Every structure is written in structure tokens, then in C-alpha cells.
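Got your viewer open and ready? Let's take a walk through this protein, one selection at a time.

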Amino acid sequence: MLSNHKIQRTLDEISEISKTGFVLYDEKGKMLADTFTPEEDLTVMIVDFAKSMAESQMLGGYHFFKVIVENETEYILLVKAASDEAYMVGRLTVCQIRNLVLANRELSDKNNLMQNILLGNMLVVDMYNKAKKLHIEQAKRLVYVIEVDGRKDTVILETVKNLFADRSKDFVTELDEQNIILIKDAETMTGEDEEELLAKTIVDNLHAEAMVKVRVGYGNVVDKLPDIAKSYQEAKMALEVGSIFYVENETISYSRLGIGRLIYQLPMSLCEMFIKEIFGEIELNLDEETLVTIQRFFENNLNISETARQLYIHRNTLVYRLERLQKMIGLDIRVFEDAMTFKIAMMVIAHMDYQKV
């Protein structure tokens with residue numbers, strides 16, 4: 001439905017240009033927007049005019065117009081007849097409001113179509129017929145899912161829409177209270193680097209303008225309308241896998257999930273078997289200092305000297321910590337094979353913990 005705010009802004013602009021007063025009502029006589037206030041109550045006159053066969057009428061010093069859209073009366077426009085041009089200005093204003101309503105309906109229809117495509121709620125033949133009617137062209141597309149930290153509001157949604165307002169082939173919609181979905185035209189996108197750059201641009205803009213923390217997951221580029229649902233599912237999976245294994249990443253690509261994608265699909269029985277095989281009956285309970293040490297050690301490709309420097313500790317202190325960890329878990333992560341085993345084991349544990357929540 002066309003918002004009263006958009007109608008009010010349109011009437012204000014036309015009134016300023018034409019020096020003419022307007023009031024817009026619904027067919028029951030409720031005032032929706034105005035540029036002046038009538039001195040008398042016109043509700044009865046509005047309702048009677050709405051029921052009449054006339055499309056326009058002059059009553060009590062006002063021009064009355066029906067705004068008819070697809071054979072239905074949407075609004076009643078009242079124009080103050082203070083000049084000879086008032087009738088002509090009223091007719092032009094009716095045309096403008098009608099076009100706004102039609103454009104808003106088309107936008108709403110496109111939004112509904114994209115939501116049904118994302119959810120897989122349409123037959124392929126119906127999908128293509130509806131797309132043709134709405135002038136949605138076949139193109140390469142890529143789905144981004146923007147996950148908002150906490151409940152999103154209209155400001156966040158409008159910020160995302162404004163980022164892509166001048167791109168007619170892009171669509172921004174929502175299916176739930178937490179995520180915003182961008183269906184991006186990818187015809188001119190040259191590869192993964194550009195896809196990642198766009199994800200980071202979305203994150204940065206929402207940080208700066210909406211003051212909100214978000215994570216963005218995105219799928220693979222698809223060529224056909226029905227495959228948009230596939231890209232959407234990939235984007236959702238990227239966010240979910242990222243929340244388990246790549247918590248520090250604000251942007252996550254489905255094509256770069258790596259071993260996390262494999263571990264995510266393992267059944268709990270195999271995970272438990274693997275952990276028991278690696279650690280036996282050991283209760284793995286690492287303190288914060290040990291976890292930070294391990295993470296920094298892996299980030300520096302098992303380089304003891306560089307890790308010690310970044311942690312501001314002596315090299316021997318780091319060696320002591322790693323030897324203490326070896327006694328605890330039976331793995332020497334200074335050795336590449338043990339380091340890989342431990343890394344995978346920690347990812348499996350993270351997956352298990354996530355499944356238990």
C-alpha cells in the first residue's frame with residue numbers, strides 16, 4: 001500500500017509549484033494528506049461523491065476528483081477552486097497519484113514474486129510468466145543475506161534499499177525479523193573479489209549509517225530465476241557455518257567455507273567417535289590464556305618466535321605453554337600433523353556444541 005508520507009510529499013511539491021491547495025481522502029471520508037485545512041466538515045459530501053457515478057464534480061467551492069486505479073476508486077482528491085487553472089492542476093495531480101499507486105503496486109508485486117522464488121513456492125512456468133509480466137529480465141544474480149545483530153528496524157531496511165536504489169535489476173526484501181535479503185544483479189560482477197567487496201561495503205555502510213552490527217553471507221552466482229532459491233540457501237548456510245567456525249568474520253562466502261562445510265554436515269555420532277579417538281576420556285577444558293596462545297600460534301603458521309613476539313612473552317615461556325598443552329591433550333601442535341589434527345578436533349567440538357544449543 002502506498003504510504004501517506006509519499007502522498008503528502010507529492011502534494012506538498014505540487015502545491016508549492018501550482019500555488020493550489022489539496023486534500024486527499026479515502027472513500028469513507030478519512031483525511032490522508034493535505035496542504036490546507038477545509039473550514040467545514042466535508043465527510044458527507046466526500047462519501048456521497050465516492051458513491052456517485054461522476055469522476056469529477058464542483059461542490060461548495062471545491063473540485064472533487066476520484067483517483068481511479070484499475071477500475072477501483074482508491075482516493076478522493078479535493079482541490080481548492082481558487083483559480084481558473086485549479087481544475088487542470090487537479091487532473092494532473094490525479095494522474096500523478098494514480099501513477100504512484102501503480103508504481104507502488106508493481107514494486108509490491110515484484111517483491112512478492114521474489115519472496116516466493118526464494119521460498120520455492122512457485123511452479124517454474126508460473127514464475128517465468130509472472131516475471132515477464134513484471135518486466136523482470138533473465139540475468140545472472142547473486143543472493144546476499146544480511147543478518148542483523150538483534151531485531152532489525154525500518155531504518156536498517158531503508159539503508160540497504162538506498163544503497164541499491166538506482167539499480168533497477170537489484171531487489172531488497174525480507175522474510176523474517178532478523179535478516180534482510182539482497183538479490184543482486186551480477187551481470188557486471190567480475191569475480192569473487194568483487195562479490196566480497198560488495199559484502200564489506202554493506203557491512204561498513206550499516207555500521208556507519210544505521211549504527212548496527214551485521215554479518216553478511218552470500219551464495220554462488222546463478223543464471224536462472226528458479227536457481228535464486230539455491231543461492232539463497234547457500235547464503236544462509238554460509239552464515240550458519242560461519243557462526244560456528246569463523247565467528248570473527250563479518251562476511252562469509254559459501255564458496256570459501258572450506259573444511260567447515262564438511263564438518264557441518266557430519267552426524268553427531270561420527271563427531272563423538274572422532275573426538276574420543278583423538279582425546280580419549282580427557283575432559284578438554286582450556287583456559288583463555290591457552291586458547292589465545294593456540295590461536296596466535298596458528299595465525300603465525302606455527303612460528304614460535306613470531307608468536308612469542310606478538311604475545312609479548314619470552315620464547316621459552318611460549319615453549320613451556322605448548323609443552324604443557326602437549327601433556328594435557330597428547331598432541332604436540334608444534335608438529336604440523338598434530339596441529340592439523342588439533343585444529344580439526346576443535347572445529348568438530350565447536351560443531352557439537354552448536355548442535356546441542
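## Stop 1: salt bridges

The structure holds 14 salt bridges, a salt bridge being a side-chain nitrogen of Lys or Arg within 4 Å of a carboxyl oxygen of Asp or Glu. Before you start clicking, a word on the model: it is predicted, so local features need pLDDT of at least 70 and side-chain atom pairs count only at pLDDT 80 or more, while totals for chains, interfaces and linings use all residues. Residues are numbered from 1 along each chain as its sequence is written, and side-chain values use heavy atoms, with hydrogens and water left out.

Select Arg-105 and Glu-70. Their closest N and O atoms are 3.0 Å apart, in a salt bridge. Arg-105 sits in helix α3 (residues 86–119) and Glu-70 in the loop between β4 (62–69) and β5 (72–80), so this pair ties together parts that are 35 residues apart in sequence. (Helices, H or I with at least four residues, and strands, E with at least two, are DSSP runs numbered from the N terminus.)

Is Glu-70 buried or exposed? Glu-70 counts as exposed, at 58% relative accessibility, while Arg-105 is partly exposed at 27%. Here buried means under 20% relative accessible area, exposed means over 50%, and partly exposed is in between (1.4 Å probe, protein chains only).

Now pick Asp-332 and Arg-334. This salt bridge has its closest N and O atoms 2.9 Å apart. Asp-332 is buried at 13%, and Arg-334 is partly exposed at 29%.

Next, show Arg-324 and Glu-289, whose side chains meet in a salt bridge at 3.6 Å, N to O. That pair links distant parts of the chain, with Arg-324 in helix α12 (residues 315–329) and Glu-289 in helix α10 (residues 288–299), 35 residues apart.

## Stop 2: the sheet

Switch to a cartoon view and find the open sheet of five strands. Its order is β2-β1-β5-β4-β3, with antiparallel pairing; two strands pair if DSSP finds at least two bridges between them. β2 and β3 (56–59) stand at the edges with a single partner strand each, so one side of each is left without a neighbour in the sheet.

Zoom in on β1 (residues 22–25) and β2 (residues 31–34), which pair in the antiparallel sense over three bridges. The hairpin they make has five residues between the strands, and Gly-29 there takes a positive phi near 90°.

Click Leu-24. What stands opposite Leu-24 in β2? That's Ala-33. In β5, the bridge partner of Leu-24 is Leu-77, and β1 and β5 pair over four bridges, again in the antiparallel sense. Helix α3 packs on the sheet, touching β1, β3, β4 and β5 (contact means heavy atoms within 4.5 Å). That packing of α3 comes with a direction that makes about 25° with that of β4, where axes are lines fitted to C-alpha atoms, for helices over the stretch in contact, and angles run from 0 to 180 degrees between N-to-C directions.

## Stop 3: a threonine in a helix

Select Thr-10, in helix α1 (residues 4–18). Thr-10 is buried, with a relative accessible area of 12%. Leaving out residues up to four places away in sequence, Thr-10 touches Gln-96 and Leu-100.

## Last stop: confidence

Colour the model by pLDDT, the predictor's confidence in each residue, from 0 to 100. The protein averages 89, and 99% of the residues score at least 70. Confidence is lowest in helix α5 (residues 154–163), at a mean of 85, and highest in strand β10 (residues 251–253), at 94.
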